[in-house]
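Please read the following briefing alongside the sequence and the model. It is meant for a reader who is meeting this structure for the first time.

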Amino acid sequence: MDSPDFRAILERIAEEIERTPGSGRPADYIPALAARDPRHFGMAVAEPDGTVYGVGDWREPFSTQSITKVFTLALDLAREGDALWEHVGREPSGNPFNSLVQLEYENGIPRNPFINAGALVVTDRLHTRTGDAAGTLLSFLRTESGNPGLDFDPQIAASESAHGDRNAALAHFMASYGNIDNPVPVLLDQYFRQCSLTASCADLALATTFLARHGLRADGTRLLTGSQAKQVNAVMLTCGTYDAAGEFAYRVGLPGKSGVGGGIIAVVPGRCTLCVWSPGLDERGNSVAGVAALDRFTTLTGLSIF
């Protein structure tokens with residue numbers, strides 16, 4: 001199959017998005033996110049060989065937030081394999097990303113790695129294995145993106161911490177069931193730093209290409225087995241866009257992971273990876289323009305897992 005003309009397709013999508021009246025609102029519980037102009041739009045596509053195309057604000061750094069959960073999941077899965085799944089499930093939650101509801105009647109085992117409770121478990125386990133979960137994540141993303149300037153935003157991390165009571169409650173509750181190894185304050189510091197990472201669409205599209213290469217890193221070494229890469233993509237498809245994963249799969253048809261900073265990454269296994277960013281969110285925390293752009297991408301290219 002010939003490769004689509006990604007540059008022309010991205011330009012067409014950007015023109016269509018610009019003609020559409022802006023909708024959605026930036027996340028308002030973190031001041032640095034609330035201040036972003038919802039009219040921002042950037043989109044990048046990276047091929048498995050590292051070729052990257054972009055349009056709009058595709059090199060503008062933004063707060064990645066929950067997108068980082070994909071990378072911590074992959075990094076921990078590479079270290080402990082299937083033992084991870086004894087501590088976190090693989091099913092959609094059907095509840096908001098910061099819900100406590102299911103934890104009690106499921107004995108402190110989060111439903112999946114992409115709700116906050118599940119991401120806390122994954123970060124905790126990665127920290128136990130590396131001594132610095134956030135630092136391990138940062139090193140990986142700098143290498144895979146080819147951007148040594150990637151870093152955490154201390155102001156956003158501090159803001160997350162100041163509004164982190166729900167995450168603290170989740171962590172303490174799971175600790176009471178023996179599903180957290182590290183002291184909760186240590187875990188929360190790691191988690192808030194992780195979520196404060198800033199990166200551009202170009203950075204994230206490139207950093208995600210290991211999932212399009214079935215587990216191979218940019219230098220050709222293997223991070224995940226082909227089966228593990230399939231597992232991560234599968235959980236992204238079913239759980240990656242909060243409690244709107246069914247709608248995202250219906251409209252876009254790709255594994256994806258969103259963040260409340262307005263970014264979404266998506267994977268076409270074997271073909272390419274994408275990142276789109278626009279800060280205006282819908283009521284479920286997903287970028288309105290981002291979902292629309294990915295919908296148009298799969299329609300125009302015919303690239304989908306279905």
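This is a predicted model: local features need pLDDT of at least 70, side-chain atom pairs count only at pLDDT 80 or more; totals for chains, interfaces and linings use all residues.

Residues are numbered from 1 along each chain as its sequence is written, and side-chain values use heavy atoms, with hydrogens and water left out.

**Strand 1 and its cover**

- Strand 1 spans residues 42-46, strands being DSSP runs of E with at least two residues and helices runs of H or I with at least four, numbered from the N terminus.
- Five of the five residues in strand 1 are buried, that is, under 20% relative accessible area with a 1.4 Å probe and protein chains only.
- Gly42, Ala44 and Ala46 lie on one side of strand 1 and Met43 and Val45 on the other, and both faces are covered.

**Partners of strand 1**

- Strand 1 runs antiparallel to strand 2 (residues 52-56), joined by five bridges, where pairing requires that DSSP finds at least two bridges between two strands.
- These two strands form a hairpin with five residues between them, and Gly50 in the turn has a positive phi of about 95°.
- Strand 8 (residues 272-277) is also antiparallel to strand 1, with five bridges.
- Met43 stands opposite Val55 in strand 2, and its bridge partner in strand 8 is Val276.

**Gln228**

- Gln228 is placed in helix 12 (residues 226-239) and is buried, with a relative accessible area of 12%.
- Leu77 and Gly81 are touched by Gln228, leaving aside residues up to four places away in sequence, contact meaning heavy atoms within 4.5 Å.
- The side chain of Gln228 reaches the backbone nitrogen of Thr225 at 3.0 Å.

Note on methods: Buried means under 20% relative accessible area, exposed over 50%, partly exposed in between (1.4 Å probe, protein chains only). A polar contact is a pair of N or O atoms within 3.5 Å; within protein, one must be able to donate a hydrogen and the other to accept it, and residues adjacent in sequence count only if both atoms are side-chain atoms.
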